[in-house]
Amino acid sequence: QVLLVESGGGLVQAGGSLRLSCAASGRTFSSYGGGWFRQAPGKEREFVASISWNGETTYVADSVKGRFTIARDNAKNTVYLQMNSLKPEDTAVYYCAAGPTEMPHKYRYWGQGTQVTVSS
């Protein structure tokens, strides 16, 4: 069992930056793929970024490419999402997810989410 807890969300002006953190419990997390998803009001949850268990492979959605970066520190059991040049359309609840797979749509474990609000 892996427990994921997100932090770092908040209110920021357009053009600003935030760094989300996802702290995981469980010794197996360092062998899991991890990633971030988001869900805006009235919209379906969408993929944002993912990272392989060793951090060597990352994927970022086209909508955030060049602005968001995903990273991980397995010594700290933590996955990060650095968000720069934020736009109002980035406003959403951001969820961390992980699992024994490199396919984000098969992640087994999910956090409770952290709200990110970008004002114009």
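This is a predicted model: local features need pLDDT of at least 70, side-chain atom pairs count only at pLDDT 80 or more; totals for chains, interfaces and linings use all residues.
Good morning. Val12 has 12% relative accessibility and therefore counts as buried, the limit for that label being under 20%.

Val12 belongs to strand E2, which covers residues 10-13. Beyond its neighbours within four places in sequence, Val12 is in contact with Ser17, Leu18, Leu86, Thr117, Val118 and Ser119. Lys65, by comparison, is 53 residues from Val12 in sequence, and their C-alpha atoms are 19 Å apart.

Let me turn to the core. The largest nonpolar core holds 29 residues, and those touching the most other members are Leu4, Trp36, Val48, Phe68, Leu81, Met83 and Tyr94. At least two residues of this core come from each of strand E3 (18-24), strand E5 (46-51), strand E7 (68-73), E8, E9 and strand E11 (114-119). As general background, nonpolar side chains in soluble globular proteins tend to be buried together.

Which strands are joined to E9? Strand E4, residues 33-39, runs antiparallel to E9 and is joined to it by seven bridges. Within E9, Cys96 is the residue opposite Trp36. E11 is also antiparallel to E9, with three bridges between them, and here Ala92 faces Val116 of E11 as its opposite residue. Strand E10, residues 109-110, is joined to E9 by two bridges, again in antiparallel fashion; Ala98 has Tyr109 of E10 as its bridge partner.

Cys96 brings us to the disulfide. The count for this model is one disulfide. Cys22 and Cys96 form the link, with a distance of 2.0 Å from S to S. The two cysteines come from distant parts of the chain, Cys22 from strand E3 and Cys96 from strand E9, and lie 74 residues apart. The link is left-handed, with -75 degrees about the S-S bond. Both Cys22 and Cys96 are buried.

Is Asp90 buried or exposed? Asp90 counts as buried because its relative accessibility is 0%. Its place is the loop that runs between strand E8 (78-83) and strand E9 (92-99). A polar atom of the Asp90 side chain lies 2.8 Å from the backbone nitrogen of Lys87. Setting aside residues up to four places away in sequence, Asp90 touches Arg38, Val64, Arg67, Phe68, Ser85, Val116 and Val118.

With a relative accessibility of 7%, Ser52 counts as buried. What does the side chain of Ser52 reach? It reaches the backbone nitrogen of Glu56, at 3.2 Å. Not counting residues up to four places away in sequence, Ser52 also touches Tyr32, Gly33, Thr57, Arg72 and Glu102.

Thank you for your attention.

Key:
Residues are numbered from 1 along each chain as its sequence is written. Side-chain values use heavy atoms; hydrogens and water are left out. Helices (H or I, at least four residues) and strands (E, at least two) are DSSP runs, numbered from the N terminus. Buried means under 20% relative accessible area, exposed over 50%, partly exposed in between (1.4 Å probe, protein chains only). Contact means heavy atoms within 4.5 Å. A polar contact is a pair of N or O atoms within 3.5 Å; within protein, one must be able to donate a hydrogen and the other to accept it, and residues adjacent in sequence count only if both atoms are side-chain atoms. A nonpolar core is a set of buried Ala, Val, Leu, Ile, Met, Phe, Trp, Tyr and Cys residues joined through side-chain atoms within 4.5 Å. A disulfide is a pair of cysteine sulfur atoms within 2.5 Å. Two strands pair if DSSP finds at least two bridges between them.
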